[in-house]
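Take a look at the chain below.

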Amino acid sequence: MIERMGAGVAFLDYDGDGLLDLYFVNGARLNDPMQPGAVPDKSDPRYWNRLYRNTGSGTFLDVTEKAHVRGQEYGMGVAVADYDNDGHPDLYVTSFGRNALYRNRGDGTFEDATDKAGVGAEGWSTGAAFLDYDRDGLLDLIVTRYVEWDFQHNPWCGPEQQKMRGYCHPNAFPFMSYRLYRNRGDGTFADVSNSSGIAQNPGKGLGVAVHDFDRDGWPDIFVANDSVAQQLFHNLHNGKFEEIAVGSGIAYNGNGASFAGMGADFSDYNNDGWPDIVVNALSLQSYVLFRNTRGEFVNVSEESGLYRYTLAHSGWGIKFVDVDNDGWRDIFVAQGHVLDTITIDYPNIAYKQKLLLLHSIRGKFVDASDAAGATFQIPLAARGAAFGDFNNDGSCDVALNINDGPAILLRGGDNRNHWIAIDTTGNRSNRDGIGTSVRIITESGAEQFGYVSTASSYLSASDKRLHFGLGSDTRIREIELKWPSGIVQRLTDVSADRVLKVKEPGN
């Protein structure tokens, strides 16, 4: 089961030189058959996780061994944030087995702080995200888990006609509860999964994304679930969450059915100030777009064009991202079916599928993949996808983790539109400024909205800098930042085409 799911990837500036580096999560060697009680073999360097330092000259240098982040388990996902507020981004890696928290020492190396922090979890962890759910200035950690599977509970599944072994449907295995860890501020975390209400709502969780869906100033959590209802955890401001997906209209698709939610993004695609949700699914299900209508959601998959362009596909890493800087967020999807035997039962569905780019025309989407570059014509078993600007040229770049294939780094194409990236540093809030809501008004009067978070996509972490395309506008009339501390900060008459560093006011 763990082989088919693939793994995530992260963009982060681990050495603080202003250039985004890359961290790829990897699997491990599995014997066939695996004996009960056996563990994956990570002794072979081909299966280590990998950290690549951006040299600034268009190349990357493997610094995995020097940095001490190769991993000890069968890796799945990665989350990035500065959990100890020391100015250096840290790594949290989920696995089948023990998860790992790598604290960035600030000297190019990391230390394994998992045991001290108390965040090792257990079982099959998948997605993870840092957020300050109680707004105390310390980043907490949500960890999703998939199903109760191990090598001792590995039933025979596969195409009936061929009597060939294949991967089982997740319905063959029980749900798992998630883990929520509250940051104590002393390098340790308290497991508040039960007291918060998170553990009382188990699922088959994969992707996780964070945003303030009702604009009350408190971060909420969306979990993409595989073949069971999607989940939205509403922050009740008292350390507790209420799961409200059914009442909010996002638990099921337009037919009222569950679907294979894998990757997700939680962002405002139509520039109305309310964060929307996109979730991908398997072939013949179509991806789902939920438009936020002031705290409630409406399925707009068909009218937006998403249904038409995704019915035949299976998606994993996904994000709203403005690839041409025209001021409207497009949709990028890493694709590939979950089953390598799918063509036996469904000859028209391929295991390896092409990348998908849907271009937004003021909130309506059209397929722009054919014009996006040669890589978009190559069928892949793509999984995790991370987004950021590794060469600081103002175009969004994408890193992809591929099942049974080499990693891919896509450089965003040149365009004539303008842009700005906002890099937040908290003061009273957490150092990263995660959870900050940002509104910009350009010189032409166009409004856009963003939310600082590294989480979204599929088991991956993206650059925390907020990227806005500005079209032909060369200046921004106003930037408004609402920090997690409650402080509201405004900047006026800001020039475009640069990374703008913004520090939260206060001592």
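This is a predicted model. By the distance rule for sulfur pairs, the count comes to 1 disulfide. Cys 157 is joined to Cys 168, with 2.1 Å from S to S. A disulfide is a covalent bond between the sulfur atoms of two cysteines.

Which hand does the disulfide of Cys 157 and Cys 168 have? The torsion about its S-S bond is about 95 degrees, so the disulfide is right-handed. Both Cys 157 and Cys 168 lie in the loop between strand 10 and strand 11 (179-183), so the pair ties together parts that are 11 residues apart in sequence.

Are these cysteines buried or exposed? Buried means under 20% relative accessible area.

| Residue | Relative accessible area | Class |
|---|---|---|
| Cys 157 | 19% | buried |
| Cys 168 | 3% | buried |
| Cys 396 | 14% | buried |

**The nonpolar cores**

In soluble globular proteins, nonpolar side chains tend to be buried together. Here the largest nonpolar core holds 33 residues. Which of them touch the most other members? They are Tyr 92, Leu 101, Phe 130, Leu 141, Ile 422 and Ile 479. Several strands each supply at least two residues of this core, including strand 5 (74-81), strand 9 (125-131), strand 10 (140-145) and strand 28 (418-425). Strand 34 (475-482) and strand 36 (498-503) are also among them.

Now zoom in on Leu 141. Leaving aside neighbours within four places in sequence, Leu 141 is in contact with Tyr 92 and Phe 130, among others. Its contacts also include Val 119, Arg 179, Tyr 181 and Phe 189.

Strands of a sheet pair through backbone hydrogen bonds, either parallel or antiparallel. Strand 28 and strand 36 pair in the parallel sense over 6 bridges. Ile 422, one of the core residues listed above, has Leu 500 in strand 36 as its bridge partner.

**A hairpin**

Strand 23 (residues 356-361) and strand 24 (residues 364-367) run antiparallel, joined by 4 bridges. Ser 360 stands opposite Phe 365 in strand 24. How many residues lie between the two strands of this hairpin? There are 2. In the turn, Arg 362 has a positive phi of about 55 degrees.

Key: Residues are numbered from 1 along each chain as its sequence is written. This is a predicted model: local features need pLDDT of at least 70, side-chain atom pairs count only at pLDDT 80 or more; totals for chains, interfaces and linings use all residues. Side-chain values use heavy atoms; hydrogens and water are left out. A nonpolar core is a set of buried Ala, Val, Leu, Ile, Met, Phe, Trp, Tyr and Cys residues joined through side-chain atoms within 4.5 Å. Buried means under 20% relative accessible area, exposed over 50%, partly exposed in between (1.4 Å probe, protein chains only). Contact means heavy atoms within 4.5 Å. Two strands pair if DSSP finds at least two bridges between them. A disulfide is a pair of cysteine sulfur atoms within 2.5 Å.
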